[in-house]
Amino acid sequence: MTNIFDQLAQFPIAPFLTGPTALERLDRLSDHLGVDLWIKRDDLTGLGGGGNKIRQLQYYLGAAQAEGADTVLITGAVQSNYVRSAAAAAAKCGMKAVLQLEDRVPGKGAIYRTSGNVLLGQLLGAEHIHYPEGEDEAGADQALRDHADALRAQGRVPYVIPLGLKNKPLGALGYMDAAREALVQKGDFEVVVIPSGSGATHMGFLAGLRALGSQVPVHGICVRRDAEAQTARLQEVADRLAALLGAEGWITRADIQVYDGALAPGYGRVGPKTRDAIRLMAEQEGLFLDPVYSGKCFAGLVDLVQNGSIASGARVLFVHTGGFPALFAYQDDVLNL
Ligand SMILES: Cc1ncc(COP(=O)(O)O)c(C=O)c1O
C-alpha cells in the first residue's frame, strides 16, 4: 500500500520542518498511569511556536507558493493556533497574512482577546479581521473569499486556506507524513491517542498508518463536537482524502474511533478534567499542554486508561499537538480563579 504515499509527491510543500520531531518515553507518567506512555513532540515543529498545524501548513503554503500568492487568508477561533501558525508560515514565505477571528467561545474577557495567540499574530505582522459567528464554516469561508476578491481587485494574489469540509484536505497530508515518521521512529506502539478537531490531524495520522499496513487503533479525542458529529465529519474527511489521492477504501468506518468524554463543557472551554490533565503533565513531566486541544486530548487519554478502554501496560503513543500560547489567554480558567 506504499503507493498511496507515492501520491503525496505531486503536492508542493513549503518545508518548514527541519527534521523529525522527537518521540520520547514519559517515564513518570507511565508509572503514574500504569501504561507504557510515549509522546510525539509535535509541539516542537519549529516555526512560530510549533504545533500540529505547521505540518498541515507545509502543504497549504506549498500550494500558495505554486500559485504565486502574496497573501494568505485563514479563519479560526480568536485563540486559534492555526491562524497564528499560518501567520508565521506566511512570514517565513515572505507573504502577508489575513487572520479572520470568529466568535466561537462566548463570555470571554479582554485577556482572551488580546493575549496568547492574538498577541503572537500581531507580532507576526498579520492583519486581523473579525467574523461574528462561531459555528458557520460556510459563512466564514465565504467571508474570506469575499475578502480575497477585494484584495485581487487591488492587484494582490490571495490564497485562501479554507475551513469547511467541501475542500481538498491538504492538511491531512501533513499528518500522513507524521504517521510515517512515527512508525520509523518506533514501530511497536499498540494504541495512538490524538486530538480530533477539524479532523485533519486525526484522519491524516490514521490514514498514514493504514497506508503503511499498520492496524494500530487510533483514538481521536473530541475537542469541538460530540462523538456522533465528529465521526460523520471524519468519514467525510476520509472520503475527500481518498478522492484527493485517487485511492479508495483503505480507511474504513471501523477504523474511526472517537471519544467525547473529555469535551465538556464544550469547545474552547476548560472543565476540571482538562485542568487536571494540564497540571498532571506539567508536574510529572515538565511539559505544557494547552487548554483547548492537547489538554483535552490528554484528559481523554487518562479517561481511556481509567475506564479500561486502553489496557493496563499498553504501549501508548500520545501525539502532542502543541498550542501552549493559549495558556496565557486562558489563565483564569486554567488556574480556576
Ligand atoms: C494545538 C492543537 N491541537 C489539535 C488541533 C486539532 O487539529 P485538527 O483541526 O487537525 O483536528 C488544533 C487545531 O487547531 C490545535 O491547534
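I take axes as lines fitted to C-alpha atoms, for helices over the stretch in contact, with angles running from 0 to 180 degrees between N-to-C directions. Helices (H or I, at least four residues) and strands (E, at least two) are DSSP runs, numbered from the N terminus.

**Basis.** I worked on a predicted model, in which local features need pLDDT of at least 70 and side-chain atom pairs count only at pLDDT 80 or more, while totals for chains, interfaces and linings use all residues. Residues are numbered from 1 along each chain as its sequence is written, and side-chain values use heavy atoms, with hydrogens and water left out.

**Entry 1: α8 and α9.** I looked up helix α8 (residues 170-185) against helix α9 (residues 200-211); their axes come within 7 Å and cross at roughly 50°. The two helices are therefore oblique to each other; on the scale used, angles under 35 degrees are roughly parallel, over 145 roughly antiparallel, 65 to 115 roughly perpendicular and the rest oblique. I noted the crossing of α8 and α9 as right-handed, that is, the near helix is turned clockwise from the far one by less than a right angle. For contacts (heavy atoms within 4.5 Å), I listed G171, A172, Y175, M176, A178, A179, A182 and L183 on the α8 side, and A200, T201, G204, F205, A207, G208 and L209 on the α9 side. By class, this contact has eleven nonpolar, four polar and no charged residues. Here Ala, Val, Leu, Ile, Met, Phe, Trp, Tyr, Cys and Pro count as nonpolar, Asp, Glu, Lys and Arg as charged, and the others, Gly among them, as polar.

**Entry 2: α8 and α10.** I then took α8 with helix α10 (residues 227-245), which pack at about 85° with axes 10 Å apart. That makes α8 roughly perpendicular to α10. L170, A172, L173 and M176 of α8 meet L241, L244 and L245 of α10.

**Entry 3: the ligand.** I found 15 residues around the ligand (a heavy atom within 4 Å), of which N81, G197, S198, T201 and T321 come nearest. I next checked polar contacts (pairs of N or O atoms within 3.5 Å). An oxygen atom of the ligand is 2.6 Å from an N or O atom in the side chain of T201, a residue also listed in the contact of α9 with α8. A ligand oxygen is 2.8 Å from a polar backbone atom of G197, and a ligand oxygen is 3.2 Å from a side-chain N or O atom of N52.

**Entry 4: backbone.** Most residues other than glycine have a negative phi, and most peptide bonds are trans. I recorded a cis peptide bond between A264 and P265, with omega about 5°; P265 lies in the loop between β9 (257-259) and α11 (272-285). N336, not a glycine, has a positive phi of about 60° and lies in the segment after α14 (331-335).

Definitions and conventions: A polar contact is a pair of N or O atoms within 3.5 Å; within protein, one must be able to donate a hydrogen and the other to accept it, and residues adjacent in sequence count only if both atoms are side-chain atoms.
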